[in-house]
Each structure stands twice: as C-alpha cells, then as structure tokens.
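Here are my notes on the model you sent over. Have it open beside you as you go through the points.

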Amino acid sequence: DDVTLAMTMQITSTQSLDVYALDDLLDVAESNMVIWASSLHFQQQPCVLLLHVAGATEEVKTKLAKRFQNDNFSEISHKDDGSSSRGRHYLESCLISAIFSKSTNEHVSRKALMNMAMEAAPTRWVITGLELERGMILSKEISVLAKRAAKVHRDITGNVFWIPQFATDDDFLFSTNKDEENSGLFSSVS
C-alpha cells in the first residue's frame, strides 16, 4: 500500500551556474523529500527525484553529488536536550538521479522526465505533478492521505485516482499586499 512521490526538476544553465539559485531549487526538492518521509503514522514512503541539469560543469556535478550523499544517514546523533535524531534518514527511501547535459540551451520534455521517474517507482501508486521549479512544498498531511487512499483503492482494478495536491510556496499565507481582499488566501496557487 505504499505510494511513491515522483518528482522531476529541470535546472537551466543559468540556474546551475548561480550557487544561490541552485541551492534554492535543491532546498525545495529536499524539503519535499523530508515531508514525504516524515509521516508519524507510517513508515517512510519511497520517493524518486530526477533532475535534468543543462550546462552542467564538473563543479555542479560535484555539488549535486555531495548534496545528496550521506554516508551516515542511519547514524544516530544525540542532542543536548536528551533527544536523538537519525541524521538525514529520509534518504534511505529516496532514489535521486540526474541527467547532465553540456549544452546550455538543451531542454528535455517534462513528460519524458516524469515517465522515467514513474518507471523507477517501486510501488503501484505514484504521486506526480508537483511543480518544484515554482517552489511548491507538500503539506505534512499529504503522505498520510496518499497512504490511506492507496489502502482504500487496493482491490480496485483501476490504477488512477486523484488526491488533492496540498502544496504551496512561501507567500501562501503571507501576502505582501495587505490591502488586497482575501490577502494570503491562495495568492500563489493557481
């Protein structure tokens, strides 16, 4: 009854060469992996992240490898307050891969990337459609809702059902224009 979160991201050559832009995009992807894996009610659900990086240099390749490499993700660290945590444990259930192209203006079909990510999914059920490039972050409840929906539809012969995409970017709750009617309500979600 597990559900895989399949995510794709196209990083342009301009974004890959800008350290801050690249970090921001990778932060969005990593935030979604953390949220997907941090459900309190169930064990971690798998996720797949497929990146296409245009104009990739050796420095960019090294940065990506180091960003998602974690040799000690299962090592337990103890905090001063007596609690403990397991480092970057969410990487245990994630497959992260990248396609690097030397050309600075090369684009890959979003559908082709998603087809590859879905093919790599280890489960029958796959969540797709999250727009990482727009900074969309899943809600903490989506993992639980997806798991419950899969359990309900387990014996149904079809393999497609809709789960509302509970995701938003940073200004969802805090609109900069306070005079606007209903400011902050779905101001960035279309």
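**Notes on the predicted model**

1. Confidence first: in the protein, it is lowest in strand S3 (residues 77-78), with a mean of 45, and highest in S2, at 94. The score is pLDDT, the predictor's confidence in each residue, from 0 to 100. Residues 72-79 have pLDDT below 50, and this stretch has 19 contacts in the model beyond near neighbours in sequence; a contact means heavy atoms within 4.5 Å. Residues 171-190 also have pLDDT below 50, with 20 contacts beyond near neighbours in sequence. Across the protein the mean pLDDT is 76, and 69% of residues reach 70 or more.

2. Some ground rules. This is a predicted model, so local features need pLDDT of at least 70 and side-chain atom pairs count only at pLDDT 80 or more, while totals for chains, interfaces and linings use all residues. Residues are numbered from 1 along each chain as its sequence is written, and side-chain values use heavy atoms, with hydrogens and water left out.

3. The overall layout: the protein has five helices and eight strands, in the order β-α-α-β-α-β-β-β-α-β-β-α-β from the N terminus. These are DSSP runs numbered from the N terminus (helices H or I, at least four residues; strands E, at least two). Of the contacts between residues at least 6 apart in sequence, 74% join residues at least 24 apart. Of the 190 residues, 38% count as buried (buried is under 20% relative accessible area, exposed over 50%, partly exposed in between; 1.4 Å probe, protein chains only).

4. Please look at the disulfide (cysteine sulfur atoms within 2.5 Å), the one found in a search of the whole structure. Cys47 and Cys94 form it, with their sulfur atoms 2.4 Å apart. The pair links distant parts of the chain, Cys47 in strand S2 (residues 47-54) and Cys94 in strand S5 (residues 94-101), 47 residues apart. The link is right-handed, with 100° about the S-S bond. Cys47 is buried at 2% relative accessible area, and Cys94 is buried at 15%.

5. Which residues does Asn32 touch? Leaving aside residues up to four places away in sequence, Asn32 touches Leu5, Met7, Leu130, Leu132, Met136, Ile137 and Leu138. Asn32 lies in helix H2 and is buried, at 0% relative accessibility. A polar atom of the Asn32 side chain lies 2.7 Å from the backbone nitrogen of Leu138.

6. Asp23 and Lys63 meet at 3.0 Å, N to O, joining helix H2 to helix H3 (residues 58-68) across 40 residues. Asp23 is partly exposed at 23%, and Lys63 is partly exposed at 27%. Arg67 and Glu30 meet at 2.8 Å, N to O, with Arg67 in helix H3 and Glu30 in helix H2, 37 residues apart. Arg67 is buried at 17% relative accessibility, as is Glu30 at 11%. Asp23, Asp27, Glu30, Lys63 and Arg67 are linked in a network of salt bridges.

Notes. Polar contact = N/O pair within 3.5 Å; in protein donor to acceptor, adjacent residues only side chain to side chain. Salt bridge = Lys/Arg side-chain N within 4 Å of Asp/Glu carboxyl O.
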